[in-house]
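Please look over the structure below; the report that follows describes a few of its local features for a reader who is new to it.

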Amino acid sequence: MVRLRIDLSYDGTEFAGWARQRELRTVQGTLESALTTVLRLAEPAQLTVAGRTDAGVHARGQVAHLDVPDEIWAAVGDVALRRVTGALPRDLRVRDITVAPEGFDARFGAIWRRYAYRVCDAPGGVDPLRRGSVVWHDRPLDETRMNAAARRLLGEHDFASFCRKREGATTVRCLQDFSWARETPTGADVGPAFRPVIVATVRADAFCHNMVRSLVGAMLAVGTGRKPVDWPLEVLGRAVRDSGVHVAPAHGLTLEEVAYPADDLLADRVTATRRRRDGG
């Protein structure tokens, strides 16, 4: 068998998330069907992904892996990418298919995932050309307050307060970056009411279910002044879900990048991650 690394992007608007579901259109189901056909696999393709995105969430830098027989890859490897492209819908693109280095695991080998969340607080709403990936917030946001609150959450913590917990899975994560910045205005001159889109960068070793959107929801409450700057840290310390934390809408979230260690460190990383997360 040969392990293939698959780099892909998708607009999550019309997908019911990553994970395969019966009678629902999902990224995994759509891609596995195309790969099974193009590679002429005897059994349906079984993908392992770096991060399972929810319904409506987008990805620019998603990574998955697939094991296929050596002889199949030898026969179609040179044309696989072009053929897969022709078999996929326009809202799902495979950017590259390569033979993965020994020890590679798209999920357990990753050292961090980076997401971006985009919010517009302009009185006139979101640019209609970006409505599918930017959330409109109807009150002005103070990014200075949001950054002050976000910095307090950096480091390794139990993020149970900001996750939908799964039985048997740990909610301890290392939040490596959480910051907010407004985009630099471009294009035509803008009026006094113009407020550039504000973008959150959220990077961690891994994320539990709804973690990024819950963190963003807490920051939005701080950014409008509805909650004090110290409130998200207080919520984190309680390690239980707080009714004041609202999960931000899915369509503002994009998985931007997944990073892996050097090839010779991959096997050790996979072993350590499996041990730490106990398969979660």
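Tyr260 has a relative accessibility of 15% and therefore counts as buried, a term for residues under 20% relative accessible area, with exposed meaning over 50% and partly exposed in between (1.4 Å probe, protein chains only). This is a predicted model, in which local features need pLDDT of at least 70 and side-chain atom pairs count only at pLDDT 80 or more, while totals for chains, interfaces and linings use all residues. Residues are numbered from 1 along each chain as its sequence is written, and side-chain values use heavy atoms, with hydrogens and water left out.

The structure holds 4 aromatic pairs, in which rings of Phe, Tyr and Trp (its six-membered ring) have centres within 6.5 Å, with planes under 30 degrees apart counting as stacked, over 60 as edge-to-face and the rest as tilted. Two of these pairs are listed here.

| Pair | Centre distance | Plane angle | Class |
|---|---|---|---|
| Phe104 and Tyr260 | 4.9 Å | 50° | tilted |
| Tyr115 and Phe207 | 5.3 Å | 90° | edge-to-face |

Phe104 and Tyr260 are 156 residues apart, so that their pair links distant parts of the chain. Phe104 is buried, with a relative accessible area of 3%. Tyr115 is also buried, at 8%, and Phe207 counts as buried at 16% relative accessibility.

Tyr260 is also among the residues that Ala50 touches, as are Gln62 and Val258, not counting residues up to four places away in sequence; contact means heavy atoms within 4.5 Å. Ala50 itself counts as buried, at 6% relative accessibility.

How values were computed: Helix = DSSP H or I, 4+ residues; strand = E, 2+ residues; numbered from the N terminus.
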